[in-house]
Amino acid sequence: MRESHLKASDRHDSAALYVTGQARFTDDLPFPADGLHIALGLSDKAHALITSCDVTACLASPGVVTVLTAADIPGVNDASPVAGDDPVFADGKVEYHGQAIFAVVAESAKAARMAVHQAHVTYEDLPACLTIDDALRENHLLEAPYTIGCDDIDAKLHDAPHLLTGQIDIGGQEHFYLEGQAAMASPGEAEDIFLQVSSQHPTEVQHKVARALGLAYHAVTVEVRRMGGGFGGKESQGNLPAIVAALAVKKTGRPAKLVYDRDEDMRVTGKRHDLRISYRVGYDDTGRILAMDVDQALRCGMSFDLSQAIAERAMLHAENCYFIQDVRVTSRLCRTHTPSNTAFRGFGGPQGMLGMERIIDEVAAHLDVDPMQVRQRNYYADHDEADAGQPTPYGQPVKDGLIKAMTTDLLASSDYYARRKDIEAFNRNATWCRKGIGFSPVKFGISFNKTFLNQAGALLHIYTDGSVHLNHGGTEMGQGLYTKVRQICARAFGIADDMVKITATTTGKVPNTSATAASSGTDLNGMATANAAATLKTRMAEYLAPLYQSDPAAVRFHDGKLWFGDASISFAEAAMQCWQGRVSLSATGFYATPDIHWDREAKKGSPFYYFAYGAAVTEVVVDLLTGESRVERADILHDAGASLNPAIDLGQIEGGYIQGLGWLTTEEVVYGTDGKLLTHAPSTYKIPACSDRPKQISVSLYDSGGNLSDTIHKSKAVGEPPFMLAISVYGAMSHALKGLGDYPKLNTPMTAEHLLMTANRLRAKRASD
Amino acid sequence: MRTNISFFLNGVEQIVEDARPDTTLLNWLRLEKGLSGTKEGCAEGDCGACTVVVAEANLNPQKKPLMGMPQIKARAVNACILFLPMLDGLSVTTVEGLAGPDGALHPVQEAIITHHGAQCGFCTPGFVMSLYAGFLNGLDGSEEQINHLFAGNLCRCTGYGPLVKAALSLAHQTPPEWASRRLEAEWHYLQSTSAAKTPDTDLAIETKDQAFYAPTSLEALARLSETFPDATFLAGATDIGLWVTKQHRQIARFISIGRVAALKEISKTETQIIIGAGVSHSDAMVALADAYPGLAEVWLRFGSMQVRNSGTVGGNIANGSPIGDMSPCLLALDAVITLNKGDKRRQMPLKDFFIAYGKQARQEGEFLENLILPRCGEAEHLYAYKISKRFDQDISAVLMAAWVKQDQGQIKKLRLGFGGMAATPSRALRTESALLGHDLSQPLPEAAISALAKDFQPISDMRASAEYRMAVAENLLRKMLLEAAADDVGMRLYSSPLVQPDRLTSTTPIGASDA
């Protein structure tokens, strides 16, 4: 029996199931023969009154059992996570193209889909506000602008030797999890409902279903074994399909499932927010940024969803790794008649940080220096420096800084300066293509901004054969959470990993959970599990130690055994003896992140338990005749604290980088002038393919000696932070075009079109100057 | 006539009596057989989560020995847009059929586990099957090959690195003995179905609202085509599949050309190459690589491995899409097509075939039999350029193909085919005239730029703006002239087998008008 070792690159706990096709996703679960299938009827208008909705023809379509509309909702017609403003079915008015108006419930998915198109809906158009431009012009905001930081920024900017103003438009991003939203609902006894869903937030699904159906929460049980990718897209967007499936069960008494097809998924669900960031920056000749005023306008879509928290994270990452004395950040939540934008890996952080890196790049261009000089001039102090603990614009001291040391290491290992020199020499002779090299540092705050969400629970049973059954509140979406938590549990008991089984996450086992989000899955659930294990270990030791003439505190768990000095019994034997001794072998564990607080009114606090750091160097080449680009090389150094599982962490880092690369290059969310999403399938929306990865990529974990905060085995969260390593691509592209004329002022995504048109603009301006 | 279909599935013969002909293989596997390992990620052949491997008898066995089984051709295809009757007589392997006796994992499965190639696991079955197809056909250990192998499989978690490492680890490996035995069983089955293939056993399924005919002879095809002039011709279903899965269209009658051996032939003479309408892109690509090296990059970027394995060159032409990548290339070559009606044939230059958006010069009851491509003669070259948001598996924003005959550094003859610039694939006749006699040492002349603007007024859509299309089309002319002058195709960013990134440092001077 092999004992579990942390830091071991254990394979994903489902790996063998994945490669043999046995891993079941929601749509793969056994479904009774009398089960029904659902398809949504969607709005063809961005903003309109519904003057009539005739579903007679749907009902007459073959295989159709019933149609659901807002009138079929006994409770609250709402699928929103926070604000109560996302109707399950539009009631009288539609507010985006693609909004659900009704649902067809039929004997097969095909029958449901065929029938959906038979409905006859008439509308009376209302003026639609679609873009950030529209919303700012019309002052169409979800709430009043929110500002943090310095009160007299104008004076501070005025005092600075140089002033820079600018603006960047940052595109949104479709999640494109490979498995679409899916929910299956089954009737239980009496009013009970059991749901199996693809959601990062089973507790919220439970609550929303219960409220829509007018039930107590205890009547609804929600289970999630795994998702085929989430990336934030299943934090709140899974509510709607679950509610609709439950409504179908309520109305028909039969099991029902709603599995979005790809087009439905892309049209209905929200995406990463696109932002317009405007800035004024005061700096000196050395590149020291003295004051900064940043204005972030986010396209939120038709409702709040999680936009307030996302906007807040964008603000709280607006200064990235840089200590700037005077900062003001203003956030504007633009309310538009488009799908309600939602959580997506980084949760506003990437956009906020891209804004900062653009500023660094542009300041460097104005000073005609390497952007690295500006970065290093402004970095927060590292934890081991005398001036460690410099405050962020929101008042949290940065005590665990690593970015200076990591930067030094990465610049050396990537041979940054020599390559930059070579590239500049290359560009001087290049006619048809240019190269560029860019760097980006990452400092990402770990914890939910909303302090109360930072809690988790676990439920642990030991059976009399020594096998362990574990449930925790986190959900598995591919990030390896189950694998890591299983390692934590097995290590606690000193037993082999395969003696621990984690079964599907369910609201019936661990209640009142937070979404698996904010990179916090392992931090929270791993610690809750460790606490549960500690409880059981104490119980076992206290009962068994006297039997073996030992002290409970001296009992050790390792090598599959309990050790009482030199004597030992197997873990299974220990479990059996405890049972016979009438000792409970079941325990819960709970964890609440300590030392964090955030006061939105006062705009101050220490919302993050710690920061995760990373840095990347990217080299690109751009074809000046077509605008096509590709990444030649990426060098990444990332801080995962004391990594619990290097293979999983490296996988998160590389995968996150590539996802970020897609966001910044080929992934373009395009709406028509009527508000219809034009990029609603992989034929038109292009995430990176295999050949888009850098030709050369090196990913390393930074050996920091472990998290300075007391996290589970000194590890650090790794889900979101690596996404932002891709921001180095921005600097690289900018470097490639620099030299054609003025500072390129690139927006994102940097498609071939954007790069060529930018290059042409720069060349035309230079020619005319 | 036969009304049922039969095929091998994971080593067991299936006889399907009553399936609707437009049932996709994916839905049949998942809903009828309960084999849920094969996933639906997009239902349009773009993500590869539904990839399965289909084996058929190899008509050209000396070309590609398959793991010591030269008689079998095994291809990765997208099950989501493959209709069940298209599999008649073939052998299908799904992810559930890969492991050996006693659950021993196949080397491709082991490799993906070992290299941590699966995170969420949803795309994994598709990658496993693409890799299995690659393994059967031989992995050479190059990343290049793997990029092409995986171009049709999207993964949103891993960033592909671990999957590439898994694939690299399998280079030159031989399969376990049990896997070879399984291939032999497939071969025996394929032999038996080939032997049983006679006109009397042509497939003809007629359900109450849908019919599917799969003749084996050209004569039978011609008869059916005349009898049912409104029927939908089906080749690889890489487009028609989407009519069903995406547009939910009800197609009353299919005539499948997939079993007509005569349409799968490629014949070559001194002056021309004739490609049967049923030849897949994959087969055509291999056969034409020598004749038109300038086509290699476009072809490697056409759809994906799965799409090229199913889709046919003929289908790409016959459906008249304004953005089909083959049409501009064939226009530049001045290809001729053969149309067949009731076994009576007529030939027509391809440029006369495309009349307007969605409208081709095909008469009722007529079908495309083959394409005739003139070979390039002395000092004649074909250049082709594809512009899309993503390098692999994307629909072109603009595609330009240029056939150029040079004489003493000048353009003697020129044909330009464009896709994405108008409602149909089109020649740029004014631009061609403007470039006749052009001295290749000179920059692109103003006359050609203004001619191009007269030839085309492209539209803006989600792929590109009209302005970009014009700007890049103009620059593609420049690129072509530079490549023609240098007599190579070295100015490409991405790696096709022909492209060396170092050659991007060209210092050929460019005219002031290029600034």
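**Entry 1. The loop around P749(A)**

I looked up P749(A) and found it in the loop between α18 (727-737) and α19 (752-768) of chain A. Helices here are DSSP runs of H or I with at least four residues, strands are runs of E with at least two, and both are numbered from the N terminus. The peptide bond that leads from T748(A) into P749(A) is cis, with omega near 0°. Most peptide bonds are trans.

I note that the model is predicted, that local features need pLDDT of at least 70 and side-chain atom pairs pLDDT 80 or more, and that totals for chains, interfaces and linings use all residues. Residues are numbered from 1 along each chain as its sequence is written, and chains are lettered from A and ligands numbered from 1 in the order in which they are written.

**Entry 2. Positive phi**

Most residues other than glycine have a negative phi. I looked up some with a positive value.

F347(A), not a glycine, has a positive phi of about 55°. F347(A) sits in the loop between β15 (326-335) and α10 (349-367) of chain A. Is F347(A) buried or exposed? F347(A) is buried, because 30 other C-beta atoms lie within 10 Å. The cut-offs are 20 or more other C-beta atoms within 10 Å for buried, 12 or fewer for exposed, and partly exposed in between, with C-beta atoms placed from the backbone.

In chain B I looked up D343(B), where phi is positive and near 70°. D343(B) lies in the loop between β12 (336-341) and β13 (344-349) of chain B. With 13 other C-beta atoms within 10 Å, D343(B) is partly exposed.

D415(A), which follows α12(A), also has a positive phi, near 60°. That took me to the helix itself.

**Entry 3. Helix α12 of chain A**

Which residues of α12 (residues 403-413) of chain A are buried? They are I403(A), K404(A), M406(A), T407(A) and L410(A). These residues lie on the same side of α12(A), because they cover an arc of only 160° around the axis. The arc is that of the directions from the helix axis to the C-beta atoms. An α-helix has 3.6 residues a turn, so residues three or four places apart point the same way.

I then checked what covers the buried residues of α12(A), and the cover includes α11 (371-378), β18 (433-446), β29 (610-623) and β30 (629-638) of chain A.

**Entry 4. Strand β3 of chain A**

Strand β3 (residues 64-68) of chain A has four of its five residues buried, so β3(A) is largely enclosed by the rest of the structure. β3(A) pairs with strand β5 (residues 100-106) of chain A in the antiparallel sense, over four bridges. Pairing requires that DSSP find at least two bridges between the strands. V67(A) has V104(A) in β5(A) as its bridge partner.

**Entry 5. Domains of chain A**

I find chain A divided into domain 1 (15-21 + 455-592), domain 2 (31-127 + 175-268) and domain 3 (379-449 + 600-768). The bounds come from an automatic or database domain assignment. The C-alpha centres of domain 2 and domain 3 of chain A are 37 Å apart. Nine residues of domain 2 of chain A are in contact with eight residues of domain 3 of chain A; contact means that C-beta atoms, placed from the backbone, lie within 7 Å. On the domain 2 side, four of the touching residues are nonpolar, two polar and three charged. Ala, Val, Leu, Ile, Met, Phe, Trp, Tyr, Cys and Pro count as nonpolar, Asp, Glu, Lys and Arg as charged, and the others, Gly among them, as polar.

**Entry 6. Where the chains meet**

**Entry 7. Overall figures**

I count 19 helices and 31 strands in chain A, and 16 helices and 20 strands in chain B. Along its principal axes, the C-alpha trace of chain A spans about 90 × 75 × 50 Å, and that of chain B about 70 × 55 × 40 Å. Of the 769 residues of chain A, 64% count as buried; of the 515 residues of chain B, 56% do.

Definitions and conventions. Contact = placed C-beta atoms within 7 Å.
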